Amino acid sequence: YAAAAWNRAAPSYASGPMLHYAPLHEKMLTESLELVDIDDGPHILDLASAAGEPALSLWRHMPTADIVATDYAATNTILGRSRAYRAGSDVVFQFADMEDLQFDDDSFDLVTCCLGLMYVDRSEAIPEMFRVVKPQGAVLAAVHASGSDYHRPFEAAVRSVLGEAADDQDAVPCNMGTRPLSLGGEGVLTGELEEAGFERVKCERFE
């Protein structure tokens, strides 16, 4: 049911909320450029990429990078491939379950995840991110902050498709009632990252 729910919501998200989050994608791009050496053709994994962000934004500024964009919804990978084709991009789009990534250990120089960590079992997903990133690599994640309404466009898109099921914790992983701000408290994300083994964790608020 979870995969079906995300697939149903994917087109609605791609046609509206994803555009709303463009400033955040640009912020992630700026941060990414400081974390990797673009001249070395870095290997980058974008998790919960939806229809390809920030993966395609990264590609536009890192054309020599090897970028894999992944999502749990097959519909999103189809939408992403279409966007990549129109842009002439070689970004690879494929299915991935963040809680069970099918990549070798120490595979990526950078792992990105924009607004996806709130909707998965983080006790599984964050250690998986730690496993696939290289020892000297970096992880860059964006989550909704407490007190923020930034998640409302996504919530509206999900509700427009799923209706009351959007609040069903057992049926839909997104549970709009509690999930969006679940990592927004002070120190919550930092604590979970450090528990998984990450070092030099830095968090900052982006308005």
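Residues are numbered from 1 along each chain as its sequence is written, and side-chain values use heavy atoms, with hydrogens and water left out. Because the model is predicted, local features need pLDDT of at least 70 and side-chain atom pairs count only at pLDDT 80 or more, while totals for chains, interfaces and linings use all residues.

**Stop 1: the largest pocket**

Select Leu140, Ala141, Leu189, Lys202 and Cys203. Of the 45 lining residues, these lie nearest the centre of the largest pocket. A pocket here is an open set of points on a 1 Å grid over the protein atoms alone, where a 1.4 Å probe fits, with protein on both sides within 12 Å along at least five of seven lines; lining residues have an atom within 4 Å of a point. The space inside is about 1400 Å³, a volume filled by probe spheres set on the points, which are joined across faces, edges and corners.

Now colour α3 (22-35), α6 (122-132), β5 (133-142) and α8 (188-195): these elements give two or more residues to the lining. The largest share, nine residues, comes from β5. Helices (H or I, at least four residues) and strands (E, at least two) are DSSP runs, numbered from the N terminus.

Colour by class next. The lining has 24 nonpolar, nine polar and 12 charged residues. Ala, Val, Leu, Ile, Met, Phe, Trp, Tyr, Cys and Pro count as nonpolar, Asp, Glu, Lys and Arg as charged, and the others, Gly among them, as polar.

**Stop 2: the backbone**

Most residues other than glycine have a negative phi, and most peptide bonds are trans. Go to Glu53 and Pro54: a cis peptide bond joins them, with omega about 10 degrees. Pro54 sits in the loop between β1 (43-47) and α4 (55-61).

Select Asp106, in the loop between β3 (92-95) and β4 (108-114). Its phi is positive, about 55 degrees. Asp106 is partly exposed at 41% relative accessibility; buried means under 20%, exposed over 50%, partly exposed in between (1.4 Å probe, protein chains only).

Leu115 has a positive phi too, near 60 degrees. Leu115 is buried, at 12%.

**Stop 3: aromatic pairs**

The whole structure holds three aromatic pairs. Rings of Phe, Tyr and Trp (its six-membered ring) pair if their centres lie within 6.5 Å; planes under 30 degrees apart are stacked, over 60 edge-to-face, the rest tilted.

Show Tyr72 and Phe95. Their centres are 5.7 Å apart and their planes at 40 degrees, so the pair is tilted. Then show Phe103 and Phe108: at 5.3 Å and 85 degrees, this pair is edge-to-face. Phe103 is buried at 16%, and Phe108 is buried at 6%.
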